[in-house]
Protein chains: 2
Amino acid sequence: MSESEIETIAMRPAPLPLDTAHDSEARLTPEFVAAVIEKVEDGDTEGARALVEPLHPADVADLFELAPREQRQALATVLGIDDLLDADVLAEMNDWVREQLIEVLTPSQVAELATQLDTDDAVAIIEDMEEEDQRAVLRAMEPDDRAAIEEALSYPEESAGRLMQRDLIAVPEHWKVADVIAYLRSNDDLTTDFWEVFVVDIAHKPVGTCKVSWVIRAPDDAPIADVMAREQTLIPAEMDQEDVALRFQKYALVSAAVVDRAGRLVGMITVDDVVHIIQEEAGEDTLLLSGAGDGDINEPIRFTVRTRLTWLIVNLGTAMVAASVVGLFQGEIARFALLAVLMPIVSGMGGNAGTQTLAVIVRALATNQLTSSNTARMIGREFRVALANGAALGTLVGLGTYVFYGNRDLALVIAMAMIINNLVAGLAGVLIPIGLERARVDPAVSSAVFVTMATDVMGFFSFLGLATLWGLGG
Amino acid sequence: MSESEIETIAMRPAPLPLDTAHDSEARLTPEFVAAVIEKVEDGDTEGARALVEPLHPADVADLFELAPREQRQALATVLGIDDLLDADVLAEMNDWVREQLIEVLTPSQVAELATQLDTDDAVAIIEDMEEEDQRAVLRAMEPDDRAAIEEALSYPEESAGRLMQRDLIAVPEHWKVADVIAYLRSNDDLTTDFWEVFVVDIAHKPVGTCKVSWVIRAPDDAPIADVMAREQTLIPAEMDQEDVALRFQKYALVSAAVVDRAGRLVGMITVDDVVHIIQEEAGEDTLLLSGAGDGDINEPIRFTVRTRLTWLIVNLGTAMVAASVVGLFQGEIARFALLAVLMPIVSGMGGNAGTQTLAVIVRALATNQLTSSNTARMIGREFRVALANGAALGTLVGLGTYVFYGNRDLALVIAMAMIINNLVAGLAGVLIPIGLERARVDPAVSSAVFVTMATDVMGFFSFLGLATLWGLGG
């Protein structure tokens, strides 16, 4: 295939598959992954490399994740460290898969790869290593690169200081547009990858920011201070990456200046470094609410078992509390076993309703939509929803019970219990996460245990208790 | 306060509160919201406007969402349509809150606001209106703007065609860098807001893309075709916005060219239009899994009740199936009521384990980490996790039952039931969402019902069935 033919193919719109490597959702096809693995197993190095060569680094990283664990090292050897398996591929790779690969590299190989990356990507690779390996890698780096990494590592984990890169464009506020353009066009040492130009005062504090397109579209004699936007979101280097992501999202930022405690410009964060955090933070609630930890499918299985089992044992405690409530009514159940048949309906429906409210509240808290300004309104809202749903479900189940078992008292008792438990579910679903948030506990991590306990205990207690009061088990 | 003082304050790093309006997480404080509302109620227009004036459009939009529903129209009047409540604020506003405001505006006011926005933001406002109002607004617009909106509306909802803006920079592939810079600097009609320059052939098909910073850093005589990147992600105008978001995320894009069916450049999507989709799509699984719909806290309450009740009624069906399984064992329960006390532990723990697996699998599917290449591996992985957790929990509960009730047979039965139900939970949690995904049903929407039914039914059946076989209720 001639070079121009390759280009033509590469430029086709993506959903018409670029090539046989991708399906319609831009995922690598199983046939492609299998073909590469087969060539690796057959020792057909050239064949494997020819398949992988046209891929984007993000796709090569996916290939490692999709390949069976025991094939990954052979694949790395075939692709070549610092060749097709380059620094960009490592930066895109899942942490666990990367760790497994890095274990077989020498410190100088890791140092060589890390040197080619932006500081933030290099830090992401080095921060996960054992301390001893970390030191060996740092020793193998050039002093400049080492200083940059060491400075980044001095900031807390998951902070803006670790996300930022230090290569950025800063210009003094008294310059005109022509000065800025001349500086950008003539200076060989500057980075070529930037989206915005930061304008700083003599103390190197940011005073404004300019899209590159504003600079190029402005007249030569315009002062840069007139072109720049003065309002900008400054990110303190200590800020947690979740807060960084929320700000990028709220203010639709593409890049932002990072400042030290004195307010001086020390780095820049760009949206491509933040997009995966936005996605992870938004998606993690599903996993946290279920007690699945960070739910990484590449994590070693012993960690997965440990995380999930811890949560299950905590839930076992709450299940035993709920069971002990049922235990109070053993006599009634022995005399009227139908109570045992119907009681899971009351507790289960309460659990479902509580989970709904919980999901809404946890998301609203995570996206900063629920603040102390509208907490009271939201509690009232969930109470009304719970009342409406409880009344509808209670009526439905009560009528059904009456028609099916012909027992009016039983029908009334289960209807009332459903209404009570829906209200418990609604209130627990809204009050527990808000209470935890105020107590500075992540509501996504701990709410579900308490809400389930509330709906289980009150589901059994309201139904069996009312049944006893009504003399149903008598 | 002098203007320079205001600037000084506005430039402070964000976590030292910018002003009294924001808390440490950049949310408006309740005191600030209350102060604005109070001034609106008191008829102090100047006071309210003075408070709101320094805010970012995203914050003004938040103010409307946080203000009580009945105050929002008065607030709009005080801030002034097309004044402090401008098009940018509307573009940032929650759909429901915006709809409520737009109802009280005239078509020409809406048209005026929409004209000031990028096509994609204008479309977002207009697409939610009733068809009749839509036509009235379009009639009130200038022919050019109307044509742009009408073309966007001709694409399917939630497609790239609706997200894209038509103002972009495209240059012919034979130009040199100097030509591009001269064109950008001299032409008054061009947009000033762009991150990348698209390079097109004579048929207006994109052949490459250039960051603006690459253009400005390249020598005058370099052909633009040598500066541009040839590999680029082309977005077909019909592509679903979720797929657009996945591509932006996977390839860390800041902007991307949108092409029509013939491959011609028709628009551009920028990351700021996509960031909220990434966040919404990632966060919606939590809501969908719980049956809370899109969980919008600003949605009218009747929609909320309807969405959640529909889901609860579907779950009621599964709860009744599970109850009918218990019904098969009424005789045993009447003779040995302890079975009714312990059975919720077996079903509940299975439910928790199933939810964990489900959350992991749904997230892995949504992020394209789980594909047909690693499905078999993932099923094996979940089976092993389920076996380990089932064995641990079964042993724990079995021992506890033996110690507490001194009944060895009961202890064995509950231990076996726990192991069986954990395996059911693990397999249902992985097979059901994968099966639904293959059948092109969104696994986040429907999986939970089936998984819960499996763990409830099998929890009751394995425990009560084994107990009956063992003669425990005999």
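This is a predicted model: local features need pLDDT of at least 70, side-chain atom pairs count only at pLDDT 80 or more; totals for chains, interfaces and linings use all residues.
User: What makes the contact between K250(A) and D59(B) a salt bridge?

Analyst: The side chains of K250(A) and D59(B) come to 2.5 Å, N to O, and a salt bridge is a side-chain nitrogen of Lys or Arg within 4 Å of a carboxyl oxygen of Asp or Glu, so the pair qualifies. This pair crosses between chains, running from K250(A) in helix 16 (residues 241-250) of chain A to D59(B) in helix 4 (residues 57-66) of chain B; helices (H or I, at least four residues) and strands (E, at least two) are DSSP runs numbered from the N terminus. D59(B) is also buried, because its relative accessible area is 2%. In general, side chains of opposite charge can pair when their charged atoms come close.

User: How do you know that R264(A) and D260(A) are paired, and which of the terms buried or partly exposed goes with each?

Analyst: The closest N and O atoms of R264(A) and D260(A) are 3.2 Å apart, which makes the pair a salt bridge. R264(A), with a relative accessible area of 40%, is partly exposed, whereas D260(A), with 16%, is buried. The UniProt annotation "domain: CBS", from an unreviewed entry, covers residues 228-286 of chain A; such annotations may be inferred rather than shown by experiment, and UniProt positions are given in the numbering used here with feature names shortened. Over that span the chain is 44% helix and 22% strand, with the end C-alpha atoms 41 Å apart.

User: What makes K39(B) and D44(B) count as a salt bridge, and how many such bridges are there over all chains?

Analyst: The closest N and O atoms of K39(B) and D44(B) are 4.0 Å apart, and the pair is counted as a salt bridge. K39(B) is partly exposed at 28% relative accessibility, and D44(B) is likewise partly exposed at 31%. Salt bridges that share partners also join D23(A), R27(A) and E437(B) into one network. By this rule the count over all chains comes to 37 salt bridges.

User: Why is E157(A) called exposed, and what kind of surface patch includes E157(A)?

Analyst: E157(A) has 58% relative accessibility and therefore counts as exposed. E157(A) lies in the loop between helix 11 (143-153) and helix 12 (160-163) of chain A. With E158(A), D240(A), E242(A), E280(A), D294(A) and D442(A), E157(A) gathers in a patch of negative charge on the surface. Patches are made of residues with over 30% relative accessible area and no salt bridge, like charges being joined within 9 Å and nonpolar side chains (Val, Leu, Ile, Met, Phe, Trp, Tyr) within 5 Å.

User: Which residues make the nonpolar surface patch, and which helix gives the most to it?

Analyst: L412(A), M416(A), I420(A), L469(A) and W470(A) make a nonpolar surface patch of about 460 Å². Helix 22 (residues 408-438) of chain A gives the most, with three residues, and M416(A) is found in that helix.

User: What makes the phi of R440(B) worth noting, and why is R440(B) called exposed?

Analyst: R440(B) has a positive phi of about 60° although it is not a glycine. R440(B) lies in the loop between helix 22 (408-438) and helix 23 (443-469) of chain B, and a relative accessible area of 76% is why R440(B) is exposed. D82(B), also a residue other than glycine, has a positive phi near 70°; D82(B) lies in the loop between helix 5 (72-79) and helix 6 (87-92) of chain B and, at 33% relative accessibility, counts as partly exposed.

Key
Residues are numbered from 1 along each chain as its sequence is written. Chains are lettered from A and ligands numbered from 1 in the order in which they are written. Side-chain values use heavy atoms; hydrogens and water are left out. Accessible areas come from the Shrake-Rupley method with a 1.4 Å probe; for residues, only the protein chains shown count as cover. Lys and Arg count as positive and Asp and Glu as negative; His and the chain ends are not counted. The place of a charge is taken as NZ of Lys, CZ of Arg, CG of Asp or CD of Glu. Buried means under 20% relative accessible area, exposed over 50%, partly exposed in between (1.4 Å probe, protein chains only).
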